[in-house]
Amino acid sequence: MNDFLLTYLDSIDKRLLEYLDEDDELSLYTVRRLRVYTSALLDGSVRPGHLMEAWPDWFHLAPAFVAAYGTEEVEQLQAAAVFLRAVDEHDDVALTDADLAYLRALEVRLDMYPEVQPTEE
């Protein structure tokens, strides 16, 4: 059970708890969906503003994933990512080099989820 993740998401919005599985870990479906949208941001098929309309929870779940399963390096890249703050202000921005570095690191970490997840699904 991931008490940290449960508390983190609950503090943002109780509705986000629906993305957790029975062990209070992000469900494999949620992680796969995070991965799809992360890749879409990277390849330019989705812009941050469009993602905010299509699945605004990505902007809470991606940082939650990093907080629960990320590394210090990914956390630092996330802190430098401009688009995460800009989208909160409802600005549709172009991705910066810092944003792209964060998304690439996030994509790698999402791919590792089956190995870093403490429980089996």
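User: Does Phe83 count as buried or exposed?
Analyst: The model is a predicted one, and the relative accessibility of Phe83 in it is 0%. The cut-off for burial is under 20% relative accessible area. Because its 0% falls under that limit, Phe83 counts as buried.

User: How many aromatic pairs does the structure hold, and how is the pair of Trp58 and Phe83 classed by the angle of its planes?
Analyst: The structure holds 10 aromatic pairs. In the pair of Trp58 and Phe83, the ring centres are 6.0 Å apart and the planes stand at 35 degrees. Planes under 30 degrees apart would be stacked and those over 60 edge-to-face, with the rest tilted. The 35 degrees of this pair therefore place it in the remaining class, so the pair is tilted.

User: Which helices does the pair of Trp58 and Phe83 tie together, and how many residues apart in sequence are the parts?
Analyst: Trp58 belongs to helix α4, whereas Phe83 belongs to helix α6, residues 82-88. The pair therefore ties together parts of the chain, in α4 and α6, with a sequence separation of 25 residues.

User: Which residues form one aromatic cluster with Trp58, and is Trp58 buried or exposed?
Analyst: Trp58 has a relative accessibility of 0%, so Trp58 counts as buried.

User: Which residues does Thr38 touch, and what is its distance in space from Trp58, C-alpha to C-alpha?
Analyst: Thr38 lies in helix α2 and is buried, with a relative accessible area of 0%. Not counting residues up to four places away in sequence, Thr38 touches Trp58, Leu103, Leu106, Glu107 and Leu110. Thr38 and Trp58 are 20 residues apart in sequence, and their C-alpha to C-alpha distance is 9.0 Å.

User: Where is Thr30, and with which residues is it in contact?
Analyst: Thr30 has its place in helix α2, residues 28-43. With a relative accessible area of 1%, Thr30 is buried. Leaving aside neighbours within four places in sequence, the residues in contact with Thr30 are Tyr19, Trp55 and Leu61.

User: What is the relation of α4 to α5, and what is the hand of their crossing?
Analyst: Helix α4 (residues 58-69) and helix α5 (residues 72-80) have axes 9 Å apart and pack at an angle of about 150 degrees. Angles over 145 degrees count as roughly antiparallel, which makes α4 roughly antiparallel to α5. The crossing of α4 and α5 is left-handed.

User: Which residues meet where α4 packs on α5, and how do they divide by class?
Analyst: From α4, Ala62, Pro63, Val66 and Ala67 take part, and they meet Val74, Glu75 and Gln78 of α5. By class, the residues of this contact of α4 with α5 are 5 nonpolar, 1 polar and 1 charged.

User: What is the relation of α1 to α4, and what is the hand of their crossing?
Analyst: The axes of α1 and α4 come within 10 Å and cross at roughly 155 degrees. This angle is over 145 degrees and therefore makes α1 roughly antiparallel to α4. The crossing of α1 and α4 is right-handed.

User: Which residues form the contact of α1 with α4, and how many of them are nonpolar, polar and charged?
Analyst: On the α1 side are Phe4, Leu5, Tyr8, Leu9 and Ile12, and these meet His60, Leu61, Pro63, Ala64, Ala67, Ala68 and Tyr69 in α4. The contact of α1 with α4 has no charged residues, 1 polar residue and 11 nonpolar ones.

User: Where is Asp24, and what value is its phi near?
Analyst: Asp24 is placed in the loop between α1 (3-12) and α2. Its relative accessible area is 16%, so Asp24 is buried. Asp24 is a residue other than glycine with a positive phi, near 60 degrees.

User: How many helices and strands are there, and what share of the residues counts as buried?
Analyst: The protein has 8 helices and 0 strands. Of its contacts with a separation of 6 or more, 62% are between residues 24 or more positions apart. Among the 121 residues of the protein, the share that counts as buried is 45%.

Note on methods: Residues numbered from 1 in each chain as written. Predicted model: local features only at pLDDT ≥ 70, side-chain atom pairs only at ≥ 80, totals over all residues. Heavy atoms only, no water. Axes fitted to C-alpha atoms, helices over the stretch in contact; angles between N-to-C directions. Helix = DSSP H or I, 4+ residues; strand = E, 2+ residues; numbered from the N terminus. Parallel < 35°, antiparallel > 145°, perpendicular 65-115°, else oblique. Left-handed = near helix turned anticlockwise from the far one by under 90°. Contact = heavy atoms within 4.5 Å. Nonpolar A, V, L, I, M, F, W, Y, C, P; charged D, E, K, R; others polar. Phe/Tyr/Trp six-rings, centres within 6.5 Å; stacked < 30°, edge-to-face > 60°. Buried < 20%, exposed > 50% of the residue type's maximum accessible area, 1.4 Å probe, protein only.
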